[in-house]
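User: I would like to learn how to read the features of a structure that is new to me. Could you take me through it step by step?

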Amino acid sequence: MLLKMENIGKIYESKYQRCIALEEISLEVGVNEFIIIMGPSGCGKTTLLNILGLITSPTSGKYTIRDELVNNMSFKKKANLRNNLFGYLLQDFALIENDTVINNILLPMKYSDKKFLLKTKEERAKGLASSAGINTKLNQKVKNLSVGQRQRVAFCRALINMPKIILADEPTGSLDSQNSEELIKNLLEFHKRGNSVIMVTHNLEYANIGSRLITMKDGHIEY
Amino acid sequence: MKQFICALKDCRHRIIINILLSIQIFIMSIMISGITYQSYISFKNYSYLYKWNKDKDSVVFDVYINTQKPGSFEKSIYALQEVLSGGEYSSGFSFFIEDDNIYLFGNWQNINEFSTIPFLNINENEKKLDRNIDTILAGQSIYSTKDKNIYLSSSENLMENQHLINTKNFVQIVSNLNLFSPPEETVDSFVNQINENTIFLTIIPKKLEIKIDKMISDFCILIPPICFLFLTIIGVLCILDGTYKKKSREYAIHYVVGASESDILMRMLFLFNIISLPGVILTILTYNMGKFETIVFLQGLCIYAILFICSFIPSLIHFFKNTNKATFLRGD
């Protein structure tokens with residue numbers, strides 16, 4: 001099993017309030033799965049995705065990646081897993097606006113423990129950009145790109161380290177139908193190559209494109 | 001290295017502000033170094049002198065120089081000779097420093113202990129050797145600030161070799177003059193002779209105890225530089241806080257794609273150093289015209305530590321207290 005969660009809970013606590021975001025979540029993600037997570041706003045979808053992607057830690061429960069317990073992992077090891085195992089796609093693309101397209105695409109490679117030659121890195125980035133149709137924009141700043149182009153840059157960045165899993169948090173949320181279709185097509189293609197995708201979405205159209213659908217409500221998995 | 005480059009990029013839009021802040025830190029450090037260094041050296045010497053000569057009722061002199069009235073000091077040299085090495089009363093010492101050498105004057109017969117003289121740390125054998133010298137003084141001495149060794153290589157009477165004494169050295173001798181339990185009339189006579197014969201110089205005698213008390217109150221002049229330091233701390237704090245907030249989304253993106261907590265922390269630390277270190281380093285390098293002084297280095301280190309504790313740590317705590325890694329990706 002690639003990822004395994006057992007009775008995961010997450011509570012956000014502040015001085016004035018206590019919010020239970022996730023409660024007793026158990027989930028298993030195998031190799032070559034396409035999981036769609038749906039549910040109303042505030043039900044804990046993004047929190048679940050953040051815990052899966054090691055961006056945040058659970059308050060309780062056990063989370064294992066390739067049979068290794070995450071709770072015992074060092075910060076460095078977690079950072080390595082974020083870098084090598086996962087690719088991220090977010091609703092607003094999470095790109096560095098003032099930097100160039102090529103630098104954005106290459107960003108995960110800067111933190112990779114594998115040493116690449118600069119030429120190899122650039123060739124790989126150019127290859128991905130070319131297949132996404134943004135090879136002419138490589139030296140442009142992200143802030144000058146259209147929404148569709150940004151989405152492609154984000155996708156190239158997610159793929160640059162050849163991850164095994166893509167975590168997508170409402171990736172089509174700010175895209176028009178044409179760009180959304182294109183993105184879903186790319187994700188399906190990534191899945192076909194033997195990788196896994198976990199996608200959070202509100203769009204019912206995409207409910208059936210995955211191999212599994214998870215519906216969440218009030219911090220629980222409904223079914 | 002990559003975090004250093006990122007930190008450089010973080011502050012490239014604030015180059016002017018950073019340069020101005022470095023200048024502010026530089027001026028502040030120079031002010032603090034200048035005042036504290038001079039005051040510290042004088043205070044240390046006088047305190048030492050007082051410690052060993054409590055019962056001797058020492059007299060020192062405040063010296064005022066009038067550059068508008070140039071004149072010679074030759075006539076006054078005899079008055080100095082009288083109190084230092086000749087005459088009925090001669091119990092005191094003085095010195096001047098030139099080219100890392102200390103030239104020491106005094107009548108050793110009337111000075112019982114070498115330890116009565118600040119900065120002088122001669123071992124027992126040397127003490128015996130020099131006890132035989134009737135009138136000291138002289139010596140081309142090798143002076144090292146580190147271990148405070150003085151080597152008296154000869155015993156010629158410098159006061160008679162007047163060609164070695166120029167106006168600058170003469171002022172030093174008078175400024176550094178310490179008389180042990182002098183009779184009142186000797187002091188009056190000496191002061192009158194110096195003030196009358198040396199028109200560019202006015203001296204006022206002062207009891208050592210009073211002088212030290214005044215020096216303590218003189219440390220009040222440190223208040224403006226301390227206010228300046230406070231303003232600098234606020235400046236650095238505001239710049240760091242603003243940059244960290246502005247860059248929080250970028251930090252989050254780096255974190256998500258593989259940066260660890262220590263990478264982010266390192267980047268923040270580099271940013272702090274890029275803002276605060278140039279001013280401090282510039283002070284250490286330029287103060288005393290490039291000569292390395294331990295005390296200036298320590299002062300620079302203190303200023304850096306104060307900025308680190310009062311600016312960097314609060315802005316870091318503020319950043320991490322108000323920023324949740326899971327949510328700071330969402331907002332700009």
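User: How many salt bridges does the structure hold over all chains?

Analyst: A salt bridge is a side-chain nitrogen of Lys or Arg within 4 Å of a carboxyl oxygen of Asp or Glu, and over all chains the structure holds 11 of them. Please keep in mind that this is a predicted model, in which local features need pLDDT of at least 70 and side-chain atom pairs count only at pLDDT 80 or more, while totals for chains, interfaces and linings use all residues. Residues are numbered from 1 along each chain as its sequence is written, chains are lettered from A and ligands numbered from 1 in the order in which they are written, and side-chain values use heavy atoms, with hydrogens and water left out.

User: Where do the two residues of the salt bridge between A:Asp92 and B:Arg249 lie?

Analyst: The side chains of A:Asp92 and B:Arg249 meet at 3.0 Å, N to O. This pair crosses between chains, from A:Asp92 in the loop between strand 6 (86-90) and helix 3 of chain A to B:Arg249 in helix 9 (residues 248-256) of chain B. A:Asp92 counts as partly exposed at 34% relative accessibility, while B:Arg249 counts as buried at 8%. Elsewhere, B:Lys247, B:Glu250 and B:Arg267 are joined into one network by salt bridges that share partners.

User: Which residues form a positive surface patch?

Analyst: Patches are made of residues with over 30% relative accessible area and no salt bridge, like charges being joined within 9 Å and nonpolar side chains (Val, Leu, Ile, Met, Phe, Trp, Tyr) within 5 Å. Here A:Lys76, A:Lys110, A:Lys115 and B:Lys2 form a positive patch, and A:Lys110 lies in helix 3 (residues 101-110) of chain A.

User: What is the phi of A:Leu54, and where is the residue placed?

Analyst: Phi of A:Leu54 is near 65°, a positive value in a residue other than glycine, and A:Leu54 sits in the loop between helix 1 (45-52) and strand 4 (60-65) of chain A. A:Leu54 is buried at 4% relative accessibility. Phi of A:Met162 is near 50°, also a positive value in a residue other than glycine, but A:Met162 is exposed, with a relative accessible area of 52%.

User: Which residues of chain B does UniProt list for "transmembrane region"?

Analyst: The unreviewed UniProt entry lists residues 15-37, 221-240, 269-289 and 295-320 of chain B, and such annotations may be inferred rather than shown by experiment. In the model, residues 295-320 of chain B are 100% helix and 0% strand, with end C-alpha atoms 36 Å apart.

Notes. Areas by Shrake-Rupley, 256 points an atom, 1.4 Å probe, with all protein chains shown as cover. Lys, Arg positive; Asp, Glu negative; His and termini not counted. Charge placed at Lys NZ, Arg CZ, Asp CG, Glu CD. Helix = DSSP H or I, 4+ residues; strand = E, 2+ residues; numbered from the N terminus. Buried < 20%, exposed > 50% of the residue type's maximum accessible area, 1.4 Å probe, protein only.
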